Amino acid sequence: MPATYLRQATNQDLPEIKKIIQEAKAYLKKQGIDQWQDGYPADEDLENDVKFGITYVLIIDGEIAATAALHQGLDVSYLEIHDGEWLNGVHGRYTAIHRIAMSSAFRGQHLSEKMISGLITISSVLGYKDVRIDTHPDNKGMQHVITTNGFTKRGTIYMAETDAEASPRYAYQLIID
C-alpha cells in the first residue's frame, strides 16, 4: 500500500503544481466547462499561494497527485452570497478550499475525496470549524466530490476572475466539530 498524505507545498513543487493546473484546465475545456479558461489561475497566483504557505499537495507513493490552496480568514469572493446564506454569516471564521486539481496520472482514482478530507483535517487542526468551497455550475464531477465529503450547498457566489462579467459559482459549506 503506497504512503498517502498531504503536506504543505514548497517552491520545489511549483513546476509540478503548474503542470497539474495546466492539465486541469485542459480537462475542463475538453468537458466543455468554462472554468479556468481565461488565464486563471495564473502562475503568479500559484507562486503566491506557495509563498504564503496555503498550498497543499497530496502525495501518493512519493509523487504529487493533487494540489489545492487552503485560504484562511475572510475571502472577498464569499462576502456576497445569492439564493442562500452562510450558516454563520459572511464574516464567519473559516477556511476556503480553492484551486483544487488532480494530476492526469492519478485522475479517476477517487483521490479528490482524500485531498478534501485532508484539507478538512488541516482546517480543524488550525482551529477552524467552518470550511467553504465553490465550483462552476457545470462542473458536476466536483459538485459530486464536494457533497460526498459532507458539504451542503449554501447558494451562489460570483467570482471576479477577469475584468469581464463575474462568473457564478455554487458555494458549499461544512461545519465540523
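I went for the largest pocket and got a volume of about 720 Å³. Bear in mind that this is a predicted model. Sorted by residue class, the lining comes out as 18 nonpolar, eleven polar and six charged.

**Core.** Next I looked up the largest nonpolar core, which has 26 residues; Ile97, Ile116 and Phe151 touch the most other members. At least two core residues come from each of β2 (55-60), β3 (63-72), β4 (95-102), α3 (111-125), β5 (130-135), α4 (140-148) and β7 (167-175). The top contributor here is α3, with six residues.

I clicked on Ile97 and listed its contacts, skipping residues up to four places away in sequence: among them are Ala68, Leu70, Ile116, Leu119, Val131, Ile133 and Phe151. There's also a second, separate core of 16 residues, including Ile17, Ala24, Val50 and Val57.

**Helix α3.** I checked the length of α3: 15 residues at 1.5 Å a residue should span 21 Å, and the end C-alpha atoms are 21 Å apart, so the two agree. Its buried residues include Leu111, Met115, Ile116, Leu119, Ile120 and Ile122, but also Ser112, Glu113 and Ser123. Just past the end of α3, I found Gly127 with a positive phi of about 95°.

Conventions:
Residues are numbered from 1 along each chain as its sequence is written. This is a predicted model: local features need pLDDT of at least 70, side-chain atom pairs count only at pLDDT 80 or more; totals for chains, interfaces and linings use all residues. Side-chain values use heavy atoms; hydrogens and water are left out. A nonpolar core is a set of buried Ala, Val, Leu, Ile, Met, Phe, Trp, Tyr and Cys residues joined through side-chain atoms within 4.5 Å. Buried means under 20% relative accessible area, exposed over 50%, partly exposed in between (1.4 Å probe, protein chains only). Helices (H or I, at least four residues) and strands (E, at least two) are DSSP runs, numbered from the N terminus. Contact means heavy atoms within 4.5 Å. The expected span of a helix is 1.5 Å times one less than its number of residues. On a 1 Å grid over the protein atoms alone, a cavity is a set of points where a 1.4 Å probe fits but cannot get out, and a pocket is an open set with protein on both sides within 12 Å along at least five of seven lines; lining residues have an atom within 4 Å of a point. Grid points are joined across faces, edges and corners, and a volume is the space filled by probe spheres set on the points. Ala, Val, Leu, Ile, Met, Phe, Trp, Tyr, Cys and Pro count as nonpolar, Asp, Glu, Lys and Arg as charged, and the others, Gly among them, as polar.
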